[in-house]
Amino acid sequence: MPIARFRPRMYPEVEAFAKKLKWFGYVKEIVNWHSDTEIPGQRRRTTRALPGGCWVWLHRGRPVAFCGLRFLNRQDAWLYGMRVAKEFQNRGIARRFTKELFGVAADAGRKWVGINTYHYRDKSSSIYTIAGKLGMKLDAVHAVDVYWELPKSIRGPRPRPLPGIYERYSATGERALFFDDHGWLWYRLNAQRRKQVNRGGFAVVDTPVHIARYQRNGVTVNMLHRPRDFAEVLPSILSKATAKKKWLTLGYPAGWSRRVRRTVRELVPELKKGRNYWPSAWRVYGKYLG
Ligand SMILES: CC(C)(COP(=O)(O)OP(=O)(O)OC[C@H]1O[C@@H](n2cnc3c(N)ncnc32)[C@H](O)[C@@H]1OP(=O)(O)O)[C@@H](O)C(=O)NCCC(=O)NCCS
């Protein structure tokens, strides 16, 4: 089989091809998160390797593709940082590699493997083709907007705890929920996550929102129920990013993005992309195993 566990001695070869592709920093982070040994040329920051591991695809014994596999919990796995060396692209390596990794996840007892990929409104991408060919389901298309250093004057009513948000989300047919945990990860809304999800249930004015605080300075808000009036709800949410060095990640169905972003611009006229705001939208695909 051409897949193998990534070993620290492979790092220079992986770096050589991954550096020529986009977002090499992300690949480095993933290697760090899953390593419990020193990687050449890398500064280790984690104290414990995250479960799952990094994998490579070998061609004549040499790594030509890389991918991280994260076991998010006992049911779910996540694939991230897939990179295929430029000269080996469009030969079906990413598709076959992904399929092999489904097998690794299934052998480890996982029932779902998720990926996310940039959402283009009117353009296709090789990942959409691969996901389709591998029978993955499109579980969510969510906008993910990040805010930081917003004006202190933004204030709204405090979110009130709201019991049973998991049940509310399940009733709407939502299948995935964005959590900010070491990067761009999503968990499936499955019954085993009920307690964890319910701990983050709040109401802002009358709108249910899910608030997760997984990093010291970052707050993630999932807004999956459409508010009656965005201008009524958004100040409370945006106020989470008014303190210095705090940031807010807001996830919501991509179909609302024009409305949300227009309202935010009205509330914060000085908002500037790259200076205190970064918008994007992502597709979450899931493979349901056996
Ligand atoms: C994205 C990437 C991993 C794909 O790897 P790959 O090995 O070339 O992919 P595969 O050959 O397995 O599959 C690509 C499929 O998409 C198709 N494809 C290529 N360009 C496409 C496009 N613009 N739109 C739709 N489909 C496209 C190919 O025809 C192929 O389908 P086929 O097998 O039916 O011919 C690789 O290009 C890469 O490393 N890119 C840079 C990093 C990156 O974007 N990673 C993904 C992060 S989510």
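Helices here are DSSP runs of H or I with at least four residues, and they are numbered from the N terminus. With that in hand, we can walk through the structure, which is a predicted model.

Let us start with helix 5, residues 165-172. Helix 5 is followed by G173, a residue with a positive phi, near 90°. Within the helix, the buried residues are I165, Y166 and Y169. Seen down the axis of helix 5, these buried residues fall within an arc of 105°, so they line one face of the helix. An α-helix has 3.6 residues a turn, so residues three or four places apart point the same way. On the other side of helix 5 you will find E167 and A171, which are exposed. What lies over the buried residues? The cover of the buried residues of helix 5 includes helix 6 (194-199), strand 10 (201-204) and strand 11 (207-212).

Strands 10 and 11 lead us to the loop between them, where V205 is found. Most residues other than glycine have a negative phi. V205 is not a glycine, yet its phi is positive, about 55°. V205 counts as partly exposed, because 16 other C-beta atoms lie within 10 Å. You can find K245 in the loop between helix 7 (230-238) and strand 13 (247-253). K245 is exposed, because it has 9 other C-beta atoms within 10 Å, and the cut-off for exposed is 12 or fewer.

Now step back to the chain as a whole. The chain is divided into domain 1 (3-110) and domain 2 (142-287). The centres of these two domains, taken over C-alpha atoms, are separated by 29 Å. Their contact takes eight residues from domain 1 and eight residues from domain 2. On the side of domain 1 that touches domain 2, the elements giving two or more residues are helix 2 (24-33) and strand 4. The residues on that side of domain 1 divide into four nonpolar, two polar and two charged.

Helix 3 is the next stop. How far apart are the ends of helix 3? The C-alpha atoms at its ends are 21 Å apart, which agrees with the 21 Å that its 15 residues, 93-107, should span at 1.5 Å a residue. The buried residues of helix 3 are A94, F97, T98, L101, F102 and A105. They cover an arc of only 150° around the axis, which puts them on the same side of helix 3. After helix 3 comes G109, and the phi of G109 is positive, near 90°.

Helix 3 also takes us to the ligand. The ligand is surrounded by 19 residues, and the closest are Q89, A94, R95, S124 and S126. Strand 4 (76-84), helix 3 and helix 4 (126-133) are the elements that give two or more residues to the shell around the ligand. Which element gives the largest share of that shell? Helix 4 does, with four residues. By kind, the shell around the ligand divides into seven nonpolar, eight polar and four charged residues.

N222 is found in strand 12, residues 218-222. Is N222 buried or exposed? N222 counts as buried, because it has 27 C-beta neighbours inside 10 Å, where the cut-off for buried is 20 or more. Leaving aside neighbours within four places in sequence, N222 is in contact with L177, F178, V209, H210 and G251. Of these contacts, G251 is 29 residues from N222 along the chain, and the C-alpha atoms of the two are separated by 4.8 Å.

R155 lies in the loop between strand 6 (137-148) and strand 7 (160-161). R155 is exposed, because it has 11 other C-beta atoms within 10 Å. Not counting residues up to four places away in sequence, R155 touches P235 and S239. R155 and S239 are 84 residues apart along the chain, and their C-alpha atoms are separated by 5.6 Å.

Technical notes. Residues are numbered from 1 along each chain as its sequence is written. This is a predicted model: local features need pLDDT of at least 70, side-chain atom pairs count only at pLDDT 80 or more; totals for chains, interfaces and linings use all residues. The expected span of a helix is 1.5 Å times one less than its number of residues. The arc is that of the directions from the helix axis to the C-beta atoms. A residue is near a molecule or strand if its C-beta atom, placed from the backbone, lies within 6 Å of it. Ala, Val, Leu, Ile, Met, Phe, Trp, Tyr, Cys and Pro count as nonpolar, Asp, Glu, Lys and Arg as charged, and the others, Gly among them, as polar. Domain bounds come from an automatic or database domain assignment. Two residues are in contact if their C-beta atoms, placed from the backbone, lie within 7 Å.
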